[in-house]
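We will select a few pieces in turn and look at what surrounds them.

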Amino acid sequence: MSHSAPQPDIGGLATVPLERFLAALPPGSRRVYDAGADGGAPAAVRWVEPSELEDPTPYLLEGEVVMTAGLPFEGAGGAPEAVDRYVARLVGAQVSALVFGLQPYFEHVPDALAAACRRHRLTLVEVPSEIPFAALGLEFSRLLEAENVRVMRRMAEGNRHLMRAALAPRPEAELLKALTLTVPGWALVVGANRRARARAVSSRSQAGVPGQEVLDEVLDALFAGRGPRVETRQLEPAGAGWIAAHPLRSARDGTLGALVLGAVQPLEAAEQSVVGTAVGLLEALLRQRTEGALAPSQLATGLLLRTDAETRGGEGVAALAAQSAAAPVGAPLRVVQGFPVEGRPTPSQPAPGRGSRPSARIDVASAVLRWRRVFDTKLVELTETGFTAVTRLAVDRSLVNEVEALGWRLVISEAVPVAELPETHRRLSALRHQAMEAGRTLRASGDPVSVPGLLGRQAGELLFAEAFSPLAELEADRAAGLLDVLEAWLGAHGGWDATAKATGLHRNSVRRQIAQLGELIGRDLDDAQTRAELLIALRYRPSSYLTRTS
């Protein structure tokens with residue numbers, strides 16, 4: 001896949017499609033060669049410029065149409081080699097077309113010029129002597145004015161739809177619908193957790209949403225960068241279209257999410273402008289949702305989970321809770337409590353009497369913002385044991401894996417009406433003690449029977465000690481690093497590329513470390529039973545074998 005931009009940038013509004021200009025030429029004009037009809041990409045015209053210079057390119061802007069009466073091809077300039085160099089220079093300057101006027105130098109277009117234009121795929125037009133170049137310039141000016149009016153009208157209409165959508169109850173979904181009224185393709189918004197929050201497809205779209213592998217590649221590159229940038233891909237095969245991912249940034253230049261677009265044809269100026277407006281509005285919405293005042297949202301979370309039945313049962317409270325969790329009014333919500341694995345660092349509230357310290361405020365803010373982004377909600381509070389969040393998300397296995405990879409475990413409730421959140425929170429707090437003892441994630445809906453659940457912590461720790469006792473001879477950081485790679489490799493079912501992506505290592509480094517670990521513990525890691533035993537044993541890894549983080 002190519003990383004080239006999906007549309008040319010030739011100056012914003014001041015362009016006219018080449019095909020529209022050619023179609024408006026006076027009667028008697030003739031297309032000697034049409035690069036567009038020969039499979040070339042659609043071209044745009046910035047201006048029309050008469051020139052009889054042997055090399056006019058130093059004075060040209062990208063996207064111009066050059067008009068000549070043929071003086072450069074008089075004498076030695078008419079040799080095939082000289083003509084070919086002339087056309088090659090025009091193409092190198094990204095000229096959109098060449099207009100050849102008959103008389104006073106030539107009765108017809110020179111054969112060498114026609115051949116060179118075909119060879120370099122430059123549109124060539126012949127005009128008779130009774131059509132002055134000034135008439136072509138006036139016709140282009142008329143088209144340019146009409147095009148600018150059309151573009152401004154489309155921009156105004158598209159932006160009006162976006163502004164109205166931003167005030168809707170579900171602004172992100174409505175914004176994408178409004179965007180696809182202008183952009184003939186598809187669009188989706190993803191959050192910081194890279195899950196799709198909303199999507200829309202234009203009724204005029206000829207492009208299909210690509211597979212998850214392609215989207216993941218674009219999003220990986222986007223989230224790895226910083227600053228105002230757009231990550232683009234030209235899809236294969238040729239003609240399949242393009243995709244572009246725009247970052248939705250926080251006030252401190254963190255990536256809160258992305259707007260991903262796709263279409264078959266390049267975007268016109270009006271469409272590009274409307275996309276820019278949509279990015280700005282979505283960025284503002286995400287900032288407001290994830291970076292709004294932290295203290296009020298923590299206070300609101302605590303009150304929501306502890307107020308009396310009469311207060312929390314009101315329609316106003318239910319509506320505000322739904323809005324804070326980005327859920328439809330009346331939708332059930334889920335309580336999630338998180339606690340760190342033994343030995344992992346725990347973001348915590350400032351110590352009494354030290355709350356004014358900047359570092360303490362930053363710790364709290366970063367912790368709250370992290371869980372807001374992960375669970376897509378404003379309703380997060382930090383607690384003595386970790387955090388509590390109220391979310392509309394299902395908290396599926398992939399989300400649990402994401403949290404556990406950060407060194408945390410969860411207790412997860414069923415989805416309940418807002419009025420039942422306090423009682424659900426109390427039941428979940430009781431279940432949390434069991435989860436912390438077991439060192440694993442539990443669901444209030446009933447944890448399925450599993451080998452680790454039946455094994456218990458004492459037996460699990462014995463299994464770990466038996467399986468990995470040779471690692472005691474290594475330095476703690478080295479042993480922890482090998483276990484991190486093994487855990488990622490087993491979680492990826494032995495996939496080298498997936499493990500490399502999860503650990504940030506080269507696939508050859510992953511192979512080497514897995515081989516070293518197999519030799520150290522004297523086990524055949526190709527054996528399915530061995531893999532299963534080691535995966536269970538890793539559930540009971542003691543704190544001395546955990547990777548240290550700063």
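**Stop one: a strand with two partners**

Select valine 336, which stands opposite isoleucine 412 in S16. This is a predicted model, so treat each stop as part of a prediction. Now show the whole of strand S13, residues 334-340. S13 pairs with strand S16 (residues 408-412) in the antiparallel sense, over 5 bridges. Click valine 335: its bridge partner in S15 is valine 390.

**Stop two: an enclosed helix**

Select helix H5, residues 171-182. Its 12 residues should span 16 Å at 1.5 Å a residue, and the end C-alpha atoms are 17 Å apart, which agrees. In H5, 9 of the 12 residues are buried, so the helix is largely enclosed by the rest of the structure. Colour the buried ones, including Leu175, Leu176 and Leu179.

**Stop three: the largest nonpolar core**

Which residues touch the most other members of this 28-residue core? Select Leu162, Leu179 and Leu259. Several elements supply at least two residues each, among them H4, H5 and H7. H7 gives the most, with 8 residues.

Finish on leucine 162. Beyond its close sequence neighbours, within four places, leucine 162 is in contact with residues including Leu175, Leu179, Val274 and Leu281.

Terms used. Residues are numbered from 1 along each chain as its sequence is written. This is a predicted model: local features need pLDDT of at least 70, side-chain atom pairs count only at pLDDT 80 or more; totals for chains, interfaces and linings use all residues. Side-chain values use heavy atoms; hydrogens and water are left out. Helices (H or I, at least four residues) and strands (E, at least two) are DSSP runs, numbered from the N terminus. The expected span of a helix is 1.5 Å times one less than its number of residues. Buried means under 20% relative accessible area, exposed over 50%, partly exposed in between (1.4 Å probe, protein chains only). A nonpolar core is a set of buried Ala, Val, Leu, Ile, Met, Phe, Trp, Tyr and Cys residues joined through side-chain atoms within 4.5 Å. Contact means heavy atoms within 4.5 Å. Two strands pair if DSSP finds at least two bridges between them.
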